[in-house]
Amino acid sequence: MNNTYAFTFFITLLIIGCQNPKDHVELSGKITNPNSDSIVISNSDGYKKVIEVNSDGTFSDTLKVNEGRYSFYDGGEYGTIFLKNGNSTSFTLDTKEFDETLKFKGDDADKSNVLIAYALLQEKHLDEDLFNKSTDEFNNAFKNLKADYENLKADYSSIDSTYFVEEDEDFGKMKAAYTQYYESKHALKKEFTGKPSPTFTNYENFKGGTSSLKDFRGKYVYIDVWATWCGPCKIEIPFLKELEAKFHNRNIEFISISVDDARRSGTMAKAYKDWRAMVKDKNLTGTQLITGNGWDVDFIKKYKIDKTGIPRFILIDPKGNIIDPDAPRPSSTKLNKILEDLLGA
């Protein structure tokens, strides 16, 4: 080795040795059809970073993090991403098909992509009709999900098995929670289906006056029990409006009953104003009623609806008998088929 080469080699090693590894994550990507002008990166330990999204959907920033999983929120939906200082990571997605298009590239990308793949498996096996299936079908859904999950981990064998501890533990908890809800839903159906519906009287009607359940005798009745502060309730509003428009002037009444109460808003007067404001602002259709006393009314109590149980949808026949005390949601394709069968396509 000549002196010039040796000196150059020494200087190169010295430069490399003096360089510190990146103490941050380089995160970039592009969002098609962005829901917001920013994305929010956060975790359960209180970390939060807001990243600006440009008008063309691109974004780029650096983050100092503790290694692990983080949530990102695009203004419409949440995703999960693995972050580690020193990594360069990017992702792309189209918000119109969030999970289906979300793709990570860069360092440790597989640790994020595998979580998306698992989420898609859950959507596949635990579909919207899961709780309406037979017990065998319900159990088989989890059996098949478990098998596909294990195959997925095998496909990503380069990832240490300890990375999946959270999913392994949560699988049993998820199945237990789903099973509890499934059993309570079917117990409710067994108790109520085919029996006369509990009634309500003199609930204030947004259009004026009051309404009672008996006023709609002779029609099928689809009831939505909801509240203005309930996120899942509001998600169903566009679908409910579509159904009401489709079956308008048919032998069915779409009734929304608000359980807005003082315990959520501070005063009953504010709860009432919130209800009227949302009905007007969202141009809610069908028959819009409010109990006037929140949850503390016989109709809500007899149907065993609590604060964690809304939205609840109830389907009643023209004679006032219960077809389904926990009917499919407006967003369910199954409900559309049920109504077509009852009313004629």
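In the predicted model, the side chains of Lys64 and Asp23 form a salt bridge with an N to O distance of 3.2 Å, a salt bridge being a side-chain nitrogen of Lys or Arg within 4 Å of a carboxyl oxygen of Asp or Glu. Lys64 lies in the loop between strands E4 (58-63) and E5 (68-73) and Asp23 in the loop between helix H1 (3-18) and strand E1 (25-32), so the pair ties together parts 41 residues apart in sequence. Lys64 is exposed at 58% relative accessibility, whereas Asp23, at 42%, is partly exposed (buried, under 20% relative accessible area; exposed, over 50%; partly exposed, in between; 1.4 Å probe, protein chains only). Residues are numbered from 1 along each chain as its sequence is written. As the model is predicted, local features need pLDDT of at least 70 and side-chain atom pairs count only at pLDDT 80 or more, while totals for chains, interfaces and linings use all residues; side-chain values use heavy atoms, without hydrogens and water.

The structure holds 19 salt bridges. One of them pairs Glu166 with Arg69, the closest N and O atoms being 3.6 Å apart. This pair links helix H5 (Glu166) to strand E5 (Arg69), 97 residues apart; helices (H or I, at least four residues) and strands (E, at least two) are DSSP runs numbered from the N terminus. Glu166 is partly exposed at 44%, as is Arg69 at 21%. Salt bridges with shared partners also join Lys146, Glu150, Lys153 and Asp168 into one network.
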